[in-house]
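My notes follow in the order I took them.

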Amino acid sequence: MKPVNIILDLLRTYMERGTSVANIMATGAMFGCSENQMRVNLSRLTAKGSIVNFARGAYRLAEALDPVNDFIESWRLGEDRTKPWTHTWLLAASSANADANNQSRHHWALYSHGFRPASSECWVRPDNLALTHRLLEQRLFQLGISADTVLASNATIHARWQKHWHAQFDVAALTKSYLQTHQSLSESMATLHRLPRQTAMKETFYLGGHAIQVLAKDPLLPAEFLASEPRQALWQAMLDYDRMGRELWADAETDKPSSIPTAKLAFQ
């Protein structure tokens, strides 16, 4: 674990409340980082504007990172992130003129919301997301889609593009991922109480982080393509695991974090 990732991952769990330098240092030490390494990276992240030293001996994430945090935390909504599918589609169309960095952010934001390219400039997904058109558009722009992107909802597309989109997913592999992750969480919950506290904390860090990645970046396929029950079961198990993890990660100097810390998992 790199010190910079430990700091960002930890602060992400405390959101606007932030946490103490003592807590940050203790977490770094648990992952084998020296106090000097942690302090150097705190200074660099502060200078870069990624984090804010908002009070003596206390840090929090900068507002610029909030959209990513909000996206990650959306996993808590479970199936409330979707609505019944009426066999219409969402389209996101843009030019190909953005620079490489912007293109990378553009693709990441769309891909993480279940869009897949029908062409290099047009991405599609079923129109089954519960977010209103305005809120989805706002989120995608905050996450970095190209400024000239046009988002269209309730659209009809040719059957070949529907087949093309569906072919981008291995439905059996998705379901297997839900089931295996659910099993891992269940097994961990049954044994966490027997582990030394720091060992249990690190286990929730890695395993909880993996489960959150599966849920947060899930394409949320409609029931017409994939049975939602395994995904719902994983979501419920992760809610239980999150409660256990937050108790383990509670800082004696503050209240417990809003969620368990999780490793940086290609969210940015």
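**Entry 1: D242.** I started with D242, which I found in helix α10. Helices are DSSP runs of H or I of at least four residues, strands are runs of E of at least two, and both are numbered from the N terminus. D242 counts as buried because its relative accessibility is 1%. Buried means under 20% relative accessible area, exposed over 50%, and partly exposed in between, with a 1.4 Å probe and protein chains only. I also checked D242 against M38: they lie 204 residues apart along the chain, and their C-alpha atoms are separated by 26 Å.

**Basis.** The model is predicted, so I note that local features need pLDDT of at least 70 and side-chain atom pairs count only at pLDDT 80 or more, while totals for chains, interfaces and linings use all residues. Residues are numbered from 1 along each chain as its sequence is written, and side-chain values use heavy atoms, with hydrogens and water left out.

**Entry 2: P230.** P230 is also found in helix α10. Its relative accessible area is 18%, so P230 is buried. I asked what P230 is in contact with, leaving aside its neighbours within four places in sequence. The list is T175, Y178 and L179, where contact means heavy atoms within 4.5 Å. T175 is 55 residues from P230 along the chain, with 6.7 Å between the C-alpha atoms.

**Entry 3: α9 against α10.** The axes of α9 and helix α10 (residues 229-249) come within 10 Å and cross at roughly 150°. The two helices are therefore roughly antiparallel. Axes are lines fitted to C-alpha atoms, for helices over the stretch in contact, and angles run from 0 to 180 degrees between N-to-C directions. Angles under 35 degrees count as roughly parallel, over 145 as roughly antiparallel, 65 to 115 as roughly perpendicular, and the rest as oblique. I recorded the α9 and α10 crossing as left-handed. Left-handed means that the near helix is turned anticlockwise from the far one by less than a right angle; clockwise is right-handed. On the α9 side the meeting residues include L207, A211 and L215, and on the α10 side they include L234, M238 and Y241.

**Entry 4: the core.** Which residues touch the most other members of the largest nonpolar core? They are I51 and L185, in a core of 68 residues. Helix α9 (residues 197-216) gives the largest share of this core, 9 residues. A nonpolar core is a set of buried Ala, Val, Leu, Ile, Met, Phe, Trp, Tyr and Cys residues joined through side-chain atoms within 4.5 Å. Not counting residues up to four places away in sequence, L185 touches L207, A211, L234, A237, M238 and Y241.

**Entry 5: the sheet of 4 strands.** This open sheet runs in the order β5-β6-β4-β7, and its pairing is antiparallel. Its edge strands, each pairing on one side only, are β5 (116-117) and β7 (150-155). Two strands pair if DSSP finds at least two bridges between them. Strand β4 (residues 89-93) is joined to strand β6 (residues 122-126) by 5 bridges, and A92 stands opposite W123 in β6. Helix α6 (residues 133-143) packs on the sheet, touching β4 and β7, and its direction makes about 145° with that of β7. Helix α7 (residues 159-166) packs on the sheet as well, touching β4, β5 and β6, at about 80° to the direction of β6. β4 and β7 pair in the antiparallel sense over 4 bridges, with L91 opposite A152 in β7.

**Entry 6: α4.** Is helix α4 (residues 66-73) largely enclosed or open? It is largely enclosed by the rest of the structure, because 6 of its 8 residues are buried. Those are P67, V68, N69, F71, I72 and E73. The axes of α4 and α6 come within 9 Å and cross at roughly 125°, so α4 is oblique to α6. The crossing is left-handed. P67, V68 and F71 of α4 make the contact with R139, Q142 and L143 of α6.

**Entry 7: the sheet of 3 strands.** Another open sheet has the order β1-β3-β2, again with antiparallel pairing. β1 (19-20) and β2 (51-55) are the edge strands. β2 pairs with strand β3 (residues 58-61) over 3 bridges, and V52 stands opposite R60 in β3.
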